[in-house]
Amino acid sequence: MELQRALSFVCCGCGQGLDVVVHCSGKGLTDRTRPVAAVHVACPLCGQVNEVLFEPKGLIQVVRPAAALRSVPLPSNN
Ligand SMILES: [Zn+2]
């Protein structure tokens, strides 16, 4: 089973509206015990990686910042 879904959401980092098309495949899409898929989308403007959780039908449930390993602010040396 394969799905192609257009997702529209707002970047967690800069608030810019983003439109992405995602492709999904796998048995998990029809598994009722795990009805939500997740994709990571990097914002082209600010670089924030957004984790988008959505139902296979295309309904977005949650958009949140993905755990960022590379964007930890350095402490200032004041
Ligand atoms: Zn952004």
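Among contacts in the protein chain between residues at least 6 apart in sequence, what percentage join residues at least 24 apart? In this predicted model, the figure is 41%.

The protein chain contains 5 strands and 0 helices. Along the sequence, the order of elements is β-β-β-β-β. Buried residues account for 5% of the chain, which has 78 residues.

Strand β4 spans residues 49–54. One of its faces is covered and carries Asn50, Val52 and Phe54.

Strand β4 pairs with strand β3, which spans residues 37–42. The two strands run antiparallel and are joined by 6 bridges. In this pairing, valine 39 stands opposite valine 52 of β4. Strands β3 and β4 form a hairpin, with 6 residues between the strands. Within this hairpin, glycine 47 adopts a positive phi near 85°.

Strand β4 is also joined to strand β5, which covers residues 60–65. Here there are 5 bridges, and the strands again run antiparallel. Glutamate 51 faces arginine 64 of β5 across this pairing.

Conventions. Residues numbered from 1 in each chain as written. Predicted model: local features only at pLDDT ≥ 70, side-chain atom pairs only at ≥ 80, totals over all residues. Helix = DSSP H or I, 4+ residues; strand = E, 2+ residues; numbered from the N terminus. Buried ≥ 20, exposed ≤ 12 C-beta atoms within 10 Å, placed from the backbone. Contact = placed C-beta atoms within 7 Å. Pairing = 2+ DSSP bridges.
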